[in-house]
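I opened the model to look up a few residues and the packing around them. My notes follow in the order of looking.

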Amino acid sequence: MQKLNKHFGSLHVLKDIDLEIVPGEVVVVIGASGSGKSTLIRCINGLEEFQQGSLDVADKTLRPHGRGEQALQQIRTEVGMVFQQFNLFPHLSVRDNVTLAPIKVRGTGRQDAIRNATRLLERVGIEDQAHKYPSQLSGGQQQRVALARALAMEPRLMLFDEPTSALDPEMIGEVLDAIRELAREGMTMVVVTHEMGFAREVADRVIYIHQGEITEQGPPEQLFDAPQHERTQNFLARILKH
């Protein structure tokens, strides 16, 4: 991202964001609600259009005002995203949720897509749920299906928008474990989360956003143990005491 600005009407949501993420890096984005965290990652895969600046993702460039539509479609095949809500198709089985995009978008043969879906469901620990429907699964299981579905497109970059915020506390750990495994495997990831212990453990870099600006960033041990900016200090003091 170079000098990226995002407005919702008169509301200036992202302000001159400069950010570079290298392959294999795990970046965790933290900040108060409404600070622009989710908007930041939604810009990366084109779910939100920005008004100024530029964005290079997977060797493709997006620019403001609808320029780069072809690049946008290509980016969406290279970037996987897992949302707060699971966004699964309720009328499709778990396996069909995972195979749909590879078949429809990438043109993968059905049998190859099924084999890959089986491997991915095993990878996230729910291969025995393949023939069930989303309504038959727990929240943690549904989120792991959403993760397998995103991975089925073989993305170069994975985005997570508060992937545990809709889960009961006992289900949070199983989803975070699946993301930890991706980090160990070297997947490039940007994770928006309120789970500070998880951020400290898996992040190569933590970014603190305040009112649409990157206020501070650095390795987790630096940002959590010795934050330099007063706003970061105040935010962490509020969050970490709970």
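I began with Glu 49, which sits in the loop between helix 1 (37-44) and strand 4 (52-57); helices (H or I, at least four residues) and strands (E, at least two) are DSSP runs, numbered from the N terminus. The model is predicted, so local features need pLDDT of at least 70 and side-chain atom pairs pLDDT 80 or more, while totals for chains, interfaces and linings use all residues. Residues are numbered from 1 along each chain as its sequence is written, and side-chain values use heavy atoms, without hydrogens and water.

Glu 49 is partly exposed at 42% relative accessibility (buried is under 20% relative accessible area, exposed over 50%, partly exposed in between; 1.4 Å probe, protein chains only). I found 11 Å between the C-alpha atoms of Glu 49 and Glu 69, which are 20 residues apart along the chain.

Next I looked up Arg 205, in strand 9 (residues 205-210). Arg 205 is buried, with a relative accessible area of 14%. A polar atom of its side chain lies 2.6 Å from the backbone oxygen of Glu 20. Its side chain also makes a polar contact with the side chain of Gln 217 (2.7 Å); a polar contact is a pair of N or O atoms within 3.5 Å, where within protein one must be able to donate a hydrogen and the other to accept it, and residues adjacent in sequence count only if both atoms are side-chain atoms.

Last, I checked Met 158. Beyond neighbours within four places in sequence, its contacts (heavy atoms within 4.5 Å) include Gly 80, Leu 147 and Met 189.
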